[in-house]
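Here is a quick tour for someone meeting this structure for the first time. Have a look at it, and then we'll walk through a few spots.

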Amino acid sequence: MNAQKKSLDIWLIYKCSACDSTYNATILSRTKPENIKKELLTMFMENDIRTAWKYAFSIELAKINRMEVDYTSVQYDLINDTTSMAKLLVCSSDQVVLKIQYPFDFNLKIATLIKKALNLSTNQLTKLIEGGIFTVDAKLLQKKDKARNGQLVKIDMQMVRALSNM
């Protein structure tokens with residue numbers, strides 16, 4: 001953060017893990033403090049880690065700053081109660097709903113999450129997607145669909161069972 005007379009500049013400083021070079025990505029430029037929400041300004045002034053992470057993975061910020069971001073190296077943990085499709089097959093429910101909790105956006109595909117969460121092979125996942133098993137936001141899941149925080153992925157267990165019996 002830098003003050004110029006009555007205006008503020010706020011940056012997020014990225015550091016390359018390969019070469020140690022840095023880049024200042026502009027979050028706000030020449031902005032009057034009264035035009036920034038008080039809570040947000042406080043978070044910026046305190047170098048709030050959650051706020052920094054939010055902006056670090058902002059596709060919008062990357063576009064504004066014309067940054068080329070490599071999300072393929074981002075490591076993440078998948079935390080779930082269901083560990084395999086086998087466990088789902090023995091449940092008596094007609095539908096299973098998975099909620100995506102994904103506060104930072106780094107272009108993760110829903111199909112990738114499902115594959116890891118249910119321990120599926122690529123062929124199994126493709127077969128289930130093509131079979132219309134998964135819906136997201138009332139639409140059939142496509143392999144390219146990106147994950148967003150709060151999305152509900154619905155799995156039609158009747159169709160899963162029918163496909164698994166083939």
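## A few spots to look at

Let's begin with Arg30, which sits in strand 3. Strands here are DSSP runs of E with at least two residues, helices are runs of H or I with at least four, and both are numbered from the N terminus. Before going further: this is a predicted model, where local features need pLDDT of at least 70, side-chain atom pairs count only at pLDDT 80 or more, and totals for chains, interfaces and linings use all residues. Residues are numbered from 1 along each chain as its sequence is written, and side-chain values use heavy atoms, leaving out hydrogens and water.

Back to the backbone. Most residues other than glycine have a negative phi. Arg30 has a positive one, near 50 degrees. Asp137 is no glycine either, and its phi is positive at about 55 degrees. You'll find Asp137 in the loop between strand 5 (134–136) and strand 6 (139–140).

Another loop residue is Asn35, between strand 3 (22–31) and helix 1. Asn35 and Ser7 are 28 residues apart in sequence, with their C-alpha atoms 9.9 Å apart in space.

How open are some of these residues? Buried means under 20% relative accessible area, exposed over 50%, and partly exposed in between (1.4 Å probe, protein chains only).

| Residue | Relative accessible area | Class |
|---|---|---|
| Asn35 | 58% | exposed |
| Asp137 | 41% | partly exposed |
| Trp53 | 40% | partly exposed |
| Phe57 | 11% | buried |

Now for the rings: how many aromatic pairs does the structure hold? There are two. Rings of Phe, Tyr and Trp (its six-membered ring) pair if their centres lie within 6.5 Å; planes under 30 degrees apart count as stacked, over 60 as edge-to-face and the rest as tilted. Phe44 and Tyr55 have ring centres 5.7 Å apart and planes at 45 degrees, so they make a tilted pair. Since Phe44 belongs to helix 1 (residues 38–45) and Tyr55 to helix 2 (residues 49–56), the pair ties together parts 11 residues apart in sequence. Phe44 and Tyr55 are both buried. The rings of Trp53 and Phe57 have centres 5.4 Å apart and planes at 10 degrees, so that pair is stacked.

Finally, helix 5 (residues 110–117) meets helix 6 (residues 122–130). The contact, meaning heavy atoms within 4.5 Å, involves Ala111, Ile114 and Lys115 of helix 5 and Thr122, Leu125 and Ile129 of helix 6.

Notes:
Axes are lines fitted to C-alpha atoms, for helices over the stretch in contact, and angles run from 0 to 180 degrees between N-to-C directions.
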